[in-house]
Amino acid sequence: LPHRMFHDDELEESEKFYVGQPRVLLLIYALYNTLVARSEMVCYFVIILNHMISASMITLVLPILIFLWAMLSVPRPSKRFWMTAIVYTEVAIVIKYFFQFGFFPWNKHVDYTKDKPYHPPNIIGIEKKEGYVHYDLVQLLALFFHRSILKCHGLWDEDEKGDSSSNKEDTDDELSLTGGRRDSSASLKSVNLAASVESIHVHFPEQQTAIRRKSSSSISQLSHRSSFSSHRSKRGKYVFKNINPTTLSLYFLHCKLCVIKSYCGLCRFRTLQVYVPIRQFFYNLIHPDYSAVTDVYVLMFLADTVDFIIIVFGFWAFGKHSAAADITSSLSEDQVPEAFLVMVLIQFGTMVVDRALYLKKTVMGKVIFQVILVFGIHFWMFFILPGVTERKFSQNTVAQLWYFVKCVYFGLSAYQIRCGYPTRVLGNFLTKSYNYVNLFLFQGFRLVPFLTELRAVMDWVWTDTTLSLSSWICVEDIYAHIFILKCWRESEKRYPQPRGQKKKKVVKYGMGGMIIVLLICIVWFPLLFMSLIKSVAGITNKPLDVSITITLGGYQPIFTMSAQQNQLKDLEPHEFNDILKSYRGNTAALQFLEGYGREDITRADLEGNSNSLWTISPPSRQKMIQGLKDISADFRVVISWTIQRTLEEVYPYYIKAPSDSLAKPIKQLLTGMYCKWENITVSLVKNESKDGVREWWVLDQLGKRHKTSQESLELYIFSDKVSPPSLGFLAGYGIMGLYASVVLVIGKFVREFFSGISHSIMFEELPNVDRILKLCTDIFLVRETGELELEEDLYAKLIFLYRSPETMIKWTREKT
């Protein structure tokens, strides 16, 4: 019978209809319901997105109001906020539309000023541009959508808290708000300008009627004052009939003073009308009647961590020059950019302050930090950063991403303030459950350099405790060790291993094989890295300038010439094949050539005429002539009216340009029957004219692959590949450097898992760690509750347990 009472055929048919719909349509229904349930989040997202795209003072107001008003309102933003957002958006649309007309001076050179970050119309948000109002219209649409949702649920016209107390009397003393707590609307209604005017009538015998609070609107205030003034004028006529002229003059003087006082009271009223609600709002936030405690510190920490990663890998977006693609290319030059350093320090400092506030559980400090951070971040991102980077915020994608993640952090912080901090903070958030995921995440957390130590010291500084720092670290280490053991014991219970049964091949080859491959890769990583980084990822480093200078006997150089740009030519395929064919029988030469491709070889064509005159002093010239005429010299000289001689095996045809700065001849290609030490002729040319005698040297190579009729020299340069710029800081250490820095360090780290095991058997092989784990959590609990004497006793018990092997055996036995 009860089932038939609540049975509805239409509802049943509707449910059957929706269940029978396609999955895609059901997904659309679910997304729409999610959108309706979180319509205020849609409004927040659109407002923040509009500000990210526009980045102006007009769009800056609403994001600040979101983080300092809407998200801090309990239980939800009031109607006043949504009306403020709607009206403000409409006004902003009208203002932007008005300033789109071309007769304004700043709209005549839009193409010139559109990218200037400090151009006043760009800062204000009234510049002329295409699609200036698109995001504002979407924002207005989202706000009206949320308004319709609130109206459907009856939440739009709900009565504000505190209306029931509207008939209570308020005086000037109540404006101090020290006697009790009232909401913002009640505080505003309590401001009574008539209180200051009422002091005029203290000399009259009539008894004043109590002035009631009627409404917070200015119309009721003015009507109240006007009625009171008419009452006062009637009383004044009655008094004037019963007083002498002296008293009357004193009364007029007193009235003038009272008028001045009333103006001061009006100014005071206007100030309090703004100040009192704001003060009362934050007072109610810090001292709530009811607190739904929550803990979103982990999510705030993750948001800060994401921002930290964005800074590290996109630090160039926060500096003036954005040429650097990543942090490795800058660190390889031993340079730390100032923008990167400042951003990292600021981000790390905010994370430390946030941790301190979380440990102290101070909502007031978090509110102050939130206000400072919201104003500071917005001022820096939208007024300082565009000047530093010399480009608008809307053109800086990395900064926009960083700001969006920071907005997520602001939202989480506002939620934390609104709900209040938890009364007890126990352990690490990764130690809430005992499974493989928590185990590996916790061990990864402990492997981060200095993170565990920094967290332990910060927790000790900002937590009330009687333990010393060393004792605190000891407890943290014991707890971490016991937690790891607890995870392993729980995994053994989930996946039990029967006695007397050998390990499965899946376990042996899965775990053991992975460790073997990992160790082999670590040992041979430097060789693989140095080999692959240049052969696979290497880039050709072609020469930019090839210069030749020849000096005889230490005298003035007789020949200087260089080749650049068009004189440095790549080999044609047939030329490269000719080189390979000419060394077909030379194993050493072919082995050398195997490491080079056609793109690695450059032919340099140097002009035979020296590019400088031969300037030599007459005494040195005579000595050189005598040396050349000496028959006992090691080279032959051909003498004519110009001096000409043939030099053998002095000009290397092939030169290797390695990654370092020293270029050497290629011995493999310059030995044996395939010797290519080419002969060159050296001639001294004399030119006599009316200007005098000028002399220069001319060199010509006898055997050249690329035949030319002019006097010239020819070189083949083999360029070694070099590492990419982003990996140069690793490859620069060489093989021995990599072995010393990678293999030895990682080897020492791996050795810790395989050595010293016998010394830790007493603390590792614990069958049941529940009692020890409970003792550690008890220490955390009594510390949070303020039982510091009991904390000392439990810590002493823990230390005694680790000092007594027999007690440890009793405590860690399996439960029977």
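1. Helix 3 (residues 23-37) and helix 4 (residues 39-54) have axes that come within 4 Å and cross at roughly 80°. Helix 3 is therefore roughly perpendicular to helix 4 (65 to 115 degrees; under 35 is roughly parallel, over 145 roughly antiparallel, the rest oblique). Axes here are lines fitted to C-alpha atoms over the stretch in contact, with angles from 0 to 180 degrees between N-to-C directions. Helices are DSSP runs (H or I, at least four residues), numbered from the N terminus.

2. A word on the source: this is a predicted model, where local features need pLDDT of at least 70 and side-chain atom pairs count only at pLDDT 80 or more, while totals for chains, interfaces and linings use all residues. Residues are numbered from 1 along each chain as its sequence is written, and side-chain values use heavy atoms, leaving out hydrogens and water.

3. Leu-35, Val-36 and Ala-37 of helix 3 make the contact with Ser-39, Glu-40 and Val-42 of helix 4 (contact means heavy atoms within 4.5 Å). By class, this contact has four nonpolar, one polar and one charged residues (Ala, Val, Leu, Ile, Met, Phe, Trp, Tyr, Cys and Pro are nonpolar; Asp, Glu, Lys and Arg charged; the others, Gly among them, polar).

4. Next, have a look at Thr-350 in helix 16 (residues 338-360). Thr-350 is buried, at 12% relative accessible area (buried is under 20%, exposed over 50%, partly exposed in between, with a 1.4 Å probe and protein chains only). Leaving aside residues up to four places away in sequence, Thr-350 touches Phe-369 and Leu-373.

5. Finally, the cysteines. Cys-152 is exposed, with a relative accessible area of 66%, whereas Cys-407 is buried at 5%. The whole structure holds zero disulfides (pairs of cysteine sulfur atoms within 2.5 Å).

How values were computed. Helices (H or I, at least four residues) and strands (E, at least two) are DSSP runs, numbered from the N terminus.
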